[in-house]
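Open the structure in your viewer and keep the selection tool at hand. This tour goes stop by stop.

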Amino acid sequence: MIAKRFLWWFSVISVILVLWGVVFTVFGLGVLPVINRAVLLQWESALYGAIMIGWGTTLFLVGRVVLRRGDRELARSLLLGIVAWLLIEAAFSARFGVWFNVG
C-alpha cells in the first residue's frame, strides 16, 4: 500500500515538473516573481523549460519502473540525483536572490 501511494506521489510530482517546463518554454521565465527582469532571456526560458520537461519525463518513467520493481539500488541512485539537483538549484537561487525558488 505504501509503495502504491509513493508511486502515485512520485508520478504527480513528475507531471507537475513537466507542466512547469511547458509553462517556462511557452511563456518564459517572466512568469516568475523576479525583481531584476534583465536576467531573464527568452532563450534561457525555453532551454530551462525543455530541461524541466526532459527531467520530469525521466523521473516519471524511471521512477515508476523503480517503484514497481522495488529496486533499492536504482531508487538510491535516482534519489541522489534528485537531491543533487535540488541542493545545487537552491544554492544558486539563493546566490542570485531568487528566494521563492529556494523554498
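**Stop 1: Arg76**

Select Arg76, which is found in helix 3 (residues 72–95). Helices here are DSSP runs of H or I with at least four residues, strands are runs of E with at least two, and both are numbered from the N terminus. Arg76 is exposed, because its relative accessible area is 52%. The cut-offs are these: buried is under 20% relative accessible area, exposed is over 50%, and partly exposed is in between, using a 1.4 Å probe and protein chains only. Arg76 and Gly30 are 46 residues apart along the chain, and their C-alpha atoms are separated by 35 Å.

A note before moving on. This is a predicted model, in which local features need pLDDT of at least 70 and side-chain atom pairs count only at pLDDT 80 or more, while totals for chains, interfaces and linings use all residues. Residues are numbered from 1 along each chain as its sequence is written, and side-chain values use heavy atoms, with hydrogens and water left out.

**Stop 2: the whole chain**

Zoom out and show the cartoon. How many helices and strands does the protein have? The secondary structure comes to 4 helices and 0 strands. Along the sequence, the pattern reads α-α-α-α. The C-alpha trace spans about 45 × 25 × 20 Å along its principal axes.

Switch to a surface view. The accessible surface comes to about 7,500 Å², and 72% of that belongs to carbon and sulfur atoms. Such areas come from the Shrake-Rupley method with a 1.4 Å probe; for residues, only the protein chains shown count as cover. Of the 103 residues in the protein, 24% are buried.

Next, colour by charge. There are 9 positive and 4 negative side chains, and the centres of the two sets lie 11 Å apart. Lys and Arg count as positive and Asp and Glu as negative, while His and the chain ends are not counted. Each charge is placed at NZ of Lys, CZ of Arg, CG of Asp or CD of Glu.

**Stop 3: Ser11**

Select Ser11 in helix 1 (residues 2–27). Is Ser11 buried or exposed? Ser11 is buried, because its relative accessible area is 8%. Show its side chain. It reaches the backbone oxygen of Leu7 at 2.8 Å. Leaving aside neighbours within four places in sequence, Ser11 is in contact (heavy atoms within 4.5 Å) with Phe60 and Arg64.

**Stop 4: the rings**

The whole structure holds 3 aromatic pairs. Select Phe6 and Trp9: their ring centres are 5.6 Å apart and their planes are at 20°, so the pair is stacked. Rings of Phe, Tyr and Trp (its six-membered ring) pair if their centres lie within 6.5 Å; planes under 30 degrees apart count as stacked, over 60 as edge-to-face and the rest as tilted. Phe6 is partly exposed at 40% relative accessible area, and Trp9 is partly exposed at 44%.

Phe6 and Phe10 form a tilted pair, 6.3 Å centre to centre with 45° between the planes. Both lie in helix 1, 4 residues apart, about one turn of the helix. Phe10 is buried, with a relative accessible area of 10%. Select Phe6, Trp9 and Phe10 together: ring pairs link them into a cluster.

Key. Polar contact = N/O pair within 3.5 Å; in protein donor to acceptor, adjacent residues only side chain to side chain.
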